[in-house]
Amino acid sequence: MKAKLGVSALVLLFLAGLWLVAAPFAVGYQPRGAAYVDATLNDLWLGGSLTAVSFVALVVYAADALRELARRAKHAES
């Protein structure tokens with residue numbers, strides 16, 4: 001149960017980071033063709049960081065889960 005809750009939280013954080021990256025352009029507070037405003041820079045840095053950290057955590061979790069499955073399969077053979 002805890003694992004499902006943790007993975008769900010990581011997926012939500014990943015999606016939130018993607019939204020932060022896309023929001024300045026989707027909502028329209030970044031003028032087209034203009035230099036990035038401070039709010040856009042903030043969203044890009046924060047969203048990019050959030051997306052990257054949550055993606056790395058999801059990959060680490062998946063690798064750990066696969067390692068555990070391989071360990072169980074090896075013990076089942078013996």
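The model here is predicted, so local features need pLDDT of at least 70 and side-chain atom pairs count only at pLDDT 80 or more, while totals for chains, interfaces and linings use all residues. Residues are numbered from 1 along each chain as its sequence is written, and side-chain values use heavy atoms, with hydrogens and water left out.

What does the Arg 71 side chain meet in a salt bridge? That would be Glu 68, at 2.8 Å, N to O. A salt bridge here is a side-chain nitrogen of Lys or Arg within 4 Å of a carboxyl oxygen of Asp or Glu. The two residues sit 3 apart in helix α2, so about one helical turn separates Glu 68 from Arg 71. Helices are DSSP runs (H or I, at least four residues), numbered from the N terminus. Glu 68 is partly exposed too, at 31% relative accessible area.

With shared partners, the salt bridges tie Glu 68, Arg 71 and Arg 72 into one network. Arg 72 is exposed, at 55% relative accessible area.

## The Asp 64 pair

By the same cut-off, the count comes to 3 salt bridges. One of them links the side chains of Asp 64 and Arg 67, at 2.7 Å from N to O. Helix α2 runs over residues 38-77, and because Asp 64 and Arg 67 are 3 residues apart in it, they are about one helical turn from each other. Asp 64 is partly exposed at 39%, and Arg 67 is partly exposed at 47%. As a general point, side chains of opposite charge can pair when their charged atoms come close.

## Thr 51, buried in the helix

Thr 51 also belongs to helix α2, but it counts as buried, at 13% relative accessibility. A polar atom of its side chain lies 2.7 Å from the backbone oxygen of Gly 47.

Which residues does Thr 51 contact once neighbours within four places in sequence are left aside? Phe 14, Gly 17 and Leu 18, where contact means heavy atoms within 4.5 Å.

Key
Buried < 20%, exposed > 50% of the residue type's maximum accessible area, 1.4 Å probe, protein only. Polar contact = N/O pair within 3.5 Å; in protein donor to acceptor, adjacent residues only side chain to side chain.
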